[in-house]
Amino acid sequence: MTKILAAVVQLQSTEEKSRNVDAAARLVTEAAQRGASFVALPELFNCIGRWEAVVAAAEPISGPTSQRMSELAANLGITLLAGSIAEQSEVAGKIYNTSLLFGPDGQQLACYRKRHLFDVDVPDKVTVRESEFVMPGAEIVGTTLPDFTLGQSICYDLRFPELFRALADRRADVIAVPAAFAFGTGCDHWEVLLRARAIENQAFVIAPNQHGRHTPTLQSYGRSMIVDPWGTVLATAADGESLALAELDFQRLQDIRRHLPALSHRRDGQ
Ligand SMILES: NC(=O)CCC(=O)C(=O)O
């Protein structure tokens with residue numbers, strides 16, 4: 001198959017897990033009913049807010065949220081990227097920020113732990129120290145699916161082109177960026193970075209984001225997006241909890257790579 005319909009789910013998650021998981025399930029179901037066979041949820045979709053609340057909500061990988069997502073994928077017969085959840089770690093008081101991938105039979109196909117942690121202090125825009133609560137992941141994850149190879153990242157990873165190049169080296173056709181990208185930085189950086197990563201790695205970029213205010217000091221930018229390998233934005237979510245859908249045409253991807261073979265023009269293997 002050279003074409004599939006993909007969907008990104010935009011959420012305004014809270015600290016209330018059951019509400020968030022129900023909202024996610026409702027929009028994933030709507031996306032599947034509209035024909036999407038690959039659906040992606042945003043970062044920390046099942047609980048976002050104060051870090052203490054996120055840590056308290058952490059689950060093992062095969063916990064209630066992943067079981068619900070596995071069942072959802074199987075019932076709908078779709079491939080589901082469960083954006084990220086807080087995963088319990090071996091260190092007290094710390095979690096992993098973990099993205100899980102489920103196949104159409106409900107099987108867990110991949111697990112990616114966010115590698116780059118958002119420790120920033122941008123005056124009047126955003127101040128966060130994710131590493132106080134989150135352990136960095138070590139692995140780079142690319143998974144070959146029947147229709148395409150998926151590379152995984154999470155949010156702040158978007159600023160590290162070397163991760164995306166490593167995913168391109170693993171032959172990623174689609175790179176997922178589930179995010180809770182901050183409003184303060186998102187206005188200027190979100191779309192530019194997504195389009196740059198798509199163009200330079202000649203891959204579709206699937207970027208479900210959180211939108212709106214989660215706490216008085218934490219606000220996400222929204223504008224969840226699907227970008228094609230030419231850098232064209234194929235779909236953007238409206239503000240609020242919503243969906244954006246777009247066709248991924250893998251023949252077009254191959255054509256772009258053939259006509260403009262920049263990835264094979266790299267010097268010194270870089
Ligand atoms: N959750 C995150 O990693 C946020 C990253 C972000 O907002 C950025 O500007 O980078």
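I began just after α4, where Arg 171 takes a positive phi of about 65°. My helices (H or I, at least four residues) and strands (E, at least two) are DSSP runs, numbered from the N terminus. A reminder to myself: most residues other than glycine have a negative phi, and most peptide bonds are trans.

Ground rules, before going on. This is a predicted model, in which local features need pLDDT of at least 70 and side-chain atom pairs count only at pLDDT 80 or more, while totals for chains, interfaces and linings use all residues. Residues are numbered from 1 along each chain as its sequence is written, and side-chain values use heavy atoms, with hydrogens and water left out.

**Entry: α4**

I looked up which residues of α4 are buried, and found Leu 163, Phe 164, Ala 166, Leu 167 and Ala 168. Buried means under 20% relative accessible area, exposed over 50%, and partly exposed in between (1.4 Å probe, protein chains only). The buried residues of α4 pack against β5 (108-113), β9 (142-144), β10, β11 and α5. For contact I use heavy atoms within 4.5 Å.

Asp 173 is in the loop between α4 and β11, and I count it as buried because its relative accessibility is 11%. Its side chain joins that of Arg 257 in a polar contact of 3.2 Å. A polar contact is a pair of N or O atoms within 3.5 Å; within protein, one must be able to donate a hydrogen and the other to accept it, and residues adjacent in sequence count only if both atoms are side-chain atoms. Setting aside neighbours within four places in sequence, Asp 173 touches residues including Phe 148, Thr 149 and Phe 250.

Thr 149 has its place in strand β10. With a relative accessible area of 9%, Thr 149 is buried. Its side chain makes a polar contact of 3.4 Å with the side chain of Thr 144. Beyond four places in sequence, Arg 171 and Asp 173 are among the contacts of Thr 149.

Where is Asp 124, and is it buried or exposed? I found Asp 124 in the loop between β6 (119-122) and β7 (126-129), exposed at 85% relative accessibility. Its phi is near 65°.

Cys 155 has phi near 45°, again positive in a residue other than glycine. It lies in the loop between β10 (149-152) and α4 (161-169), and at 6% relative accessibility Cys 155 counts as buried.

**Entry: the ligand**

Cys 155 also turns up around the ligand, among residues that include Tyr 156, Arg 159, Phe 181 and Thr 185. Here a residue is near if one of its heavy atoms lies within 4 Å of the molecule. A nitrogen atom of the ligand is 3.0 Å from a side-chain N or O atom of Glu 43. I noted an oxygen atom of the ligand 2.8 Å from a polar side-chain atom of Lys 114, and an oxygen atom 2.8 Å from a polar backbone atom of Ala 182. Taken alone the ligand exposes 300 Å², and the protein buries 95% of that (Shrake-Rupley method, 1.4 Å probe).

**Entry: Val 177**

Val 177 lies in the loop between β11 (174-176) and α5 (183-201). I file Val 177 under buried because its relative accessible area is 0%. Neighbours within four places aside, its contacts include Cys 155, Phe 164 and Trp 190.
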